[in-house]
Amino acid sequence: GLAAPGQGLAALIRHLARDLGSSGDDNAFGSGLLALPDPPTSTPSPTPGAYVPLDVPQRILDTRAASSVGPSHLRGPHRAGAVLDLPVLDGTLVPASGVAAVAVNITSVDPAATGYVQAYPTLVGATGSTSTLNVVGGPGARPNFAIVPVGRDGRISLFLQAGGDVVVDLVGYVTEGLATSRAGRVIPIAT
C-alpha cells in the first residue's frame, strides 16, 4: 500500500534537515534545519538507450552492520520513513555519465512494520508516491527487481516506509543519448 497522506513529504523533510543540537531528533530543534536543494536543472533524456548487463551482479549497498557495503552513513537498521540516497554512477561499474537508469535487485531485511520500499530518482520522483517492494513486518528478507531512473548527482533514493535494513545488488544499466537503438530506453511518465 501507499503511505498515509503526508507521510512521504514528512519523510523527505526529515531527510533534508541538517541536524542541530544534540544528535538526532530532540525537543529543542526537532529534526533540525531544513536545507532545500536547488531545483532540478535537467530532465532525463528521451533518446534511445541500450541495456548493458553486468557480467555478475554487484552488491552496492547492504545496511546490515554485520555485512555492511556502501557508504557508512547509510548503515542501519533504519527507522520507518527513512530516505537513503545511494550513489550509483561510480565510473567503474556504471559510467559516471550518460546513464538513464539502473537495473537493481532490492531486498528489504527485517522491516520494523508491514509496508513498502520505494526506489526512485533522487530529488526527481515523489517520496511515498509508489511502491517498489511490499514487505511484511518482522524477521526475514523480501527481494524485488526494479529499473530505477537515475536522479540528482547520479543517485537513486530508497524510501524505507517500513524501516529496517536494505540490500541493493546492481544488475546492469540503461545508457542514454544514442542516435538509434533497438535495445530499449527508459522514458519517465509524467506525474
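Modeller: A strand here is a DSSP run of E, at least two residues long, and strands are numbered from the N terminus. This is a predicted model, and in it Thr63 sits in the loop between strand 3 (51–62) and strand 4 (82–87).

Colleague: Why is Thr63 called buried?

Modeller: Buried means under 20% relative accessible area. Thr63 has 0% relative accessibility, so it counts as buried.

Colleague: Which residues does Thr63 contact, leaving aside neighbours within four places in sequence?

Modeller: Leu74, Arg75, Gly76, His78, Leu84, Asp165 and Val166. With Val166 there is also a polar approach: a polar atom of the Thr63 side chain lies 2.9 Å from the backbone nitrogen of Val166. The cut-off for a polar contact is 3.5 Å, and 2.9 Å falls within 3.5 Å.

Colleague: What makes Arg59 partly exposed?

Modeller: Partly exposed lies between the two limits, under 20% for buried and over 50% for exposed. Arg59, which belongs to strand 3, has 40% relative accessibility and therefore counts as partly exposed.

Colleague: What does the side chain of Arg59 make a polar contact with?

Modeller: With the side chain of Asp169, at 2.7 Å. Asp169 is also one of the residues that Arg59 touches beyond four places in sequence, the others being Arg64, Val69, Val167 and Val168. Val168 is 109 residues from Arg59 in sequence, yet their C-alpha atoms are 6.0 Å apart.

Colleague: How do you know that strand 3 and strand 8 are edge strands?

Modeller: The sheet is open and has 4 strands in the order 3-10-5-8, with antiparallel pairing. Strand 3 and strand 8 each have a single partner strand, so one side of each has no neighbour in the sheet. From one strand to the next the twist averages 20°.

Colleague: Why do strand 5 and strand 10 count as a pair?

Modeller: Pairing requires at least two bridges found by DSSP. Strand 5 and strand 10 are joined by 10 bridges in the antiparallel sense, and in one of these Val104 has Leu170 of strand 10 as its partner.

Colleague: What makes strand 6 largely enclosed?

Modeller: Of its 7 residues, 7 are buried, so the rest of the structure largely encloses strand 6. Strand 6 pairs antiparallel with strand 7 over 3 bridges, where Val117 stands opposite Leu133. Another 5 bridges join strand 6 to strand 9, again antiparallel, and there Pro121 has Ile156 as its bridge partner.

Colleague: Which residues have the most contacts inside the largest nonpolar core?

Modeller: Leu86, Val102, Val104, Ile106, Leu158, Val166 and Val168, in a core of 27 residues. At least two residues come from each of strand 3, strand 4, strand 5 (99–109), strand 6 (115–121), strand 7 (133–135), strand 8 (141–149), strand 9 (155–160) and strand 10 (165–175). Leu158 touches, among others, Leu61, Leu84, Ile106, Val166 and Val168.

Colleague: Why group nonpolar side chains in this way?

Modeller: In soluble globular proteins, nonpolar side chains tend to be buried together.

Colleague: How many helices and strands does the protein have, and what share of its residues is buried?

Modeller: There are 1 helix and 10 strands, following the pattern α-β-β-β-β-β-β-β-β-β-β along the sequence. Of the 191 residues, 39% count as buried. Among contacts with a separation of 6 or more, 76% link residues 24 or more positions apart.

Conventions. Residues numbered from 1 in each chain as written. Predicted model: local features only at pLDDT ≥ 70, side-chain atom pairs only at ≥ 80, totals over all residues. Heavy atoms only, no water. Buried < 20%, exposed > 50% of the residue type's maximum accessible area, 1.4 Å probe, protein only. Polar contact = N/O pair within 3.5 Å; in protein donor to acceptor, adjacent residues only side chain to side chain. Contact = heavy atoms within 4.5 Å. Core = buried A, V, L, I, M, F, W, Y, C linked by side-chain atoms within 4.5 Å. Axes fitted to C-alpha atoms, helices over the stretch in contact; angles between N-to-C directions.
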